[in-house]
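The structure comes first, and the text follows.

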Amino acid sequence: MADSEDSNGPSSTIRPRKRRALRACTSCKKRKGDGATMPNNICTSCISLDVECEYSPEQKTLVRDMLVDLATYARSLEQQLERAQMQLEQAQSPSSYAASSTFRSSPANFNGHNEDNPQDLFSLRVKKVSLDRGDQSYQRHVGSSSHFMFMRTALEIRDKMSSEKESLGFSGKRRNDLWDEYIQWHHFPPEPVDPPYVFPPDDLLRSLIDIYFDLQHNIYPVLHRPIFEREVFTNKLHTTDRRFGAVVLAVCAIGARLSNDPRNDRTLYDGMGTDDERSLGWKYFSQIRMVRTNFTEHPSLYEVQLYALALLFMFPTPFGDAGWSTCGLAIRFALEVGAHRKQYIANKPKQDRIEAELWRRAFWNIVTSDLAMSIALGRPRAVKEDDFDLELPLECDDEFWEHPTDPFVQPKGQRSQMSFWYQNVKLLRIAGLVKDNLYSTRKSAPWLDSSAASNADIVIEIDSALNNWLDALPDHLKWNPHHPDDNAFVQLVVLHGNHYWVQIQAHKLFIRSDSLSTSSFPSLAICTNAARSFAHIIQAYHSRPNSFMLSLFIAPMFLSATMLLINAWTSLRAKANYDPRKDMNDVSKILQILSIYEKRSVIHKQVFVSCRT
C-alpha cells in the first residue's frame with residue numbers, strides 16, 4: 001500500500017523504492033480492490049459482481065491545499081522581507097536616499113493597492129500585461145466597473161469548473177501578429193523640442209524657493225521641502241529632468257510674485273521690458289508647456305505636482321479660468337495611476353512610502369482646488385466623494401518623514417504644522433457635500449428632490465456638520481486674533497475664513513431677489529453674520545506688517561462684500577431698524593485690501609472694480 005511506503009523519519013536501512021501500482025477503481029476503493037494486478041485492470045470483485053470497473057479522475061484537493069499553504073507562506077515571507085528592508089533603510093542616514101531618488105520622470109511606480117483585496121490584486125495582475133511599446137508595463141489603474149474586473153468573475157467561474165486551478169489573470173503575452181506593426185501607424189506626433197529651461201541664478205533660486213516654502217507651503221502643502229531642496233541643490237535634477245525642472249520653475253514663479261528682491265527680473269513673457277509688478281513670475285512660468293501633445297506616456301508625480309502649483313500661480317491672473325480645465329486634467333492623471341484609492345503603506349519600505357505620501361498631498365490639493373473653483377464657477381467638479389477613499393493627509397511635519405529610527409512619526413507633545421491642512425481638508429469635504437447635494441443640476445435618484453423643504457433639511461445637516469467640525473478643532477487651531485506666531489496665524493486665517501465661506505455657500509441658495517424677507521428662513525441672517533466674520537478675519541490678518549497676498553481668498557472676499565451689500569439693501573427696503581454704516585465699513589475694508597492686491601494681481605483689480613460698481 002502507498003501509505004506503508006511513507007516514513008516518519010530517517011531509516012537506518014536503505015531499501016529499493018517500489019514502483020507505485022495503479023490505483024483502485026471507484027467501486028473497489030473501500031474494498032481495496034486488486035485491479036492493479038488483474039488482466040485489463042479489472043478487479044476480481046467487479047468480475048464476480050458483474051459490474052463495470054471504472055476509475056474516477058484523481059482528486060486534486062490535497063494538491064490545491066498544499067499550493068494554497070505554500071502561497072500563504074510565501075506571502076508571509078515577503079511581508080517579513082519588506083519589514084526587514086524598512087528597518088534597514090531606517091538605520092541608514094537620510095543622505096543615502098538622495099543618491100537614488102525614485103521621483104524621476106519615468107512611469108509612475110505608485111502603488112496604492114491592497115494586495116489582499118481581490119479587486120486590487122486583479123488590478124495589479126492586469127498591470128503586468130505588456131501591451132505597450134517596448135518593455136513598458138501597463139501602469140494604469142482599473143476599477144470595479146471595468147471589463148477587466150468582469151473578466152475576473154469569468155475566470156473565477158472557469159476555475160471552479162476546471163479540474164486544474166489556473167492562475168487568475170492573463171498570461172502576460174500578446175499576439176505578435178496584432179502588435180508587430182504597432183509602431184508604424186499607431187502613434188502620435190512626437191513632443192516638440194522646447195528650448196532649455198532658463199533658471200534664475202543660484203542665489204536668487206535659493207531666495208525664491210525659500211519664499212515659496214516659508215509663505216505658501218505653510219498653507220498649501222504640495223511638495224516635501226528636504227527632498228525638493230536636495231534634488232535641486234545637491235542632485236541638480238532640474239537640469240536633467242524637464243518634468244522636475246517645470247516644477248522648479250513653477251515654484252520660482254510663485255516665489256517671484258511674493259518677492260521684493262531687487263534681483264527679481266520683471267520681464268514679461270513676450271520679451272517686453274516692464275516695471276509692472278503684475279509681470280512677476282511670468283519669466284519662469286511662461287517656459288512651461290502645460291499640456292502634452294499626446295497622452296500615451298504614463299502620468300508622473302511631477303506632472304500632478306506641477307498642475308497643483310500652476311493653479312496657485314494662475315488663479316489671480318486673466319488665465320485663472322483655465323485653471324479649472326488644468327485641474328481636471330491633473331485629477332485624471334491621478335485617477336489613472338490609482339492615487340485616489342486607499343493606500344496600504346504602513347509596512348512599505350520608506351522610499352515607497354515617501355512617494356505615496358507625496359501622491360496623497362498632490363491629490364488632496366488638486367481635489368480641494370477643483371472643488372473651490374467648481375463652486376465659484378458653478379460647474380460640476382471632476383471627482384466626487386463617492387469616487388475615492390484615499391486617507392486624509394498625514395499629520396507629520398516634513399522633517400520627520402526621513403527620521404532614521406521613527407519615520408513618519410510626529411514627536412509627542414510637538415504640534416504638527418500639517419494639522420492645519422488635515423482640518424482644512426475635512427472642512428472642504430463638507431463643502432463638497434454642499435456642492436453635490438444643493439447645487440447639482442438634477443437629482444440622480446428618483447427618491448431625491450430639489451424642493452425647498454428637502455434642501456432645508458440638507459442645510460440643517462450641513463450646519464450640524466460644520467458645528468461638529470468647529471467644536472472638534474484642536475485648541476491651537478481655534479480662532480485667536482492675537483496669536484503671536486505669524487506662520488500659525490495665517491493658518492488660522494485660512495482655516496476659519498474657509499469655514500465662513502462654506503457656511504455662506506450652504507445658505508445662499510435660499511437668498512432670492514423675489515422672496516427676500518427678514519422673517520423667512522434665517523439664511524440671510526446666517527450669511528450676513530458669516531460675511532461679517534470673514535471680513536473681520538481678513539482685516540485682522542492684513543493689519544499685521546508681515547502679511548502677504550492670499551490669492552485663494554479672492555472669491556471669498558468678493559462673496560462676503562456682495563453678501564453685506566445684499567443685507568444692506570434688503571434691510572433698507574424692509575425699513576427695519578438697521579444702521580448700514582457697520583456693513584458698509586466692512587465692505588470698504590475689503591475694497592481697500594483688494595486695492596493693495598491689485599498691484600501684483602489682475603483679477604483682484606477686476607474684482608475691485610466689480611465691487612465698486
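Phe 408 is buried, since its relative accessible area is 8%; buried means under 20% relative accessible area, exposed over 50%, and partly exposed in between (1.4 Å probe, protein chains only). Phe 408 sits in the loop between α14 (350-377) and α15, and has a positive phi of about 65° although it is not a glycine. Helices (H or I, at least four residues) and strands (E, at least two) are DSSP runs, numbered from the N terminus.

The model is predicted: local features need pLDDT of at least 70, side-chain atom pairs count only at pLDDT 80 or more, and totals for chains, interfaces and linings use all residues. Residues are numbered from 1 along each chain as its sequence is written, and side-chain values use heavy atoms, with hydrogens and water left out.

**The chain as a whole**

The protein chain has 21 helices and zero strands. Of its 613 residues, 45% count as buried. Among contacts (heavy atoms within 4.5 Å) with a separation of 6 or more, residues 24 or more positions apart account for 71%.

**Single residues**

The table lists the accessibility of some residues.

| Residue | Relative accessible area | Class |
|---|---|---|
| Cys 327 | 0% | buried |
| Cys 396 | 1% | buried |
| His 499 | 4% | buried |
| Lys 236 | 34% | partly exposed |
| Ala 472 | 52% | exposed |

A search of the whole structure for disulfides (a pair of cysteine sulfur atoms within 2.5 Å) finds zero.

Lys 236 lies in the loop between α9 and α10. Within helix α9 (residues 225-234), the buried residues are Ile 227, Phe 228, Glu 229, Arg 230, Glu 231 and Val 232.

Two packed helices are described by the angle between their axes and the distance between the axes. Axes are lines fitted to C-alpha atoms, for helices over the stretch in contact, and angles run from 0 to 180 degrees between N-to-C directions. Angles under 35 degrees count as roughly parallel, over 145 as roughly antiparallel, 65 to 115 as roughly perpendicular and the rest as oblique.

The axes of helix α8 (residues 202-216) and helix α10 (residues 242-257) come within 8 Å and cross at roughly 75°, so α8 and α10 are roughly perpendicular to each other. By class, this contact has ten nonpolar, two polar and no charged residues. Ala, Val, Leu, Ile, Met, Phe, Trp, Tyr, Cys and Pro count as nonpolar, Asp, Glu, Lys and Arg as charged, and the others, Gly among them, as polar. On the α8 side the contact includes Leu 205 and Tyr 212, and on the α10 side Val 248 and Cys 252.

**Packing of α15 and α17**

Helix α15 (residues 418-438) and helix α17 (residues 486-507) pack at an angle of about 10°, with their axes 10 Å apart. The two helices α15 and α17 are therefore roughly parallel to each other. Their contact has eleven nonpolar, six polar and no charged residues. Among the residues that meet are Phe 420 and Leu 427 in α15, and His 499 and Trp 501 in α17.

Which residues does His 499 contact, leaving aside its neighbours within four places in sequence? They are Leu 427, Leu 466, Trp 469 and Leu 470.

Ala 472 has its place in the loop between α16 (452-471) and α17. The C-alpha atoms of Ala 472 and Gln 423 are separated by 9.5 Å, and the two residues are 49 residues apart along the chain.
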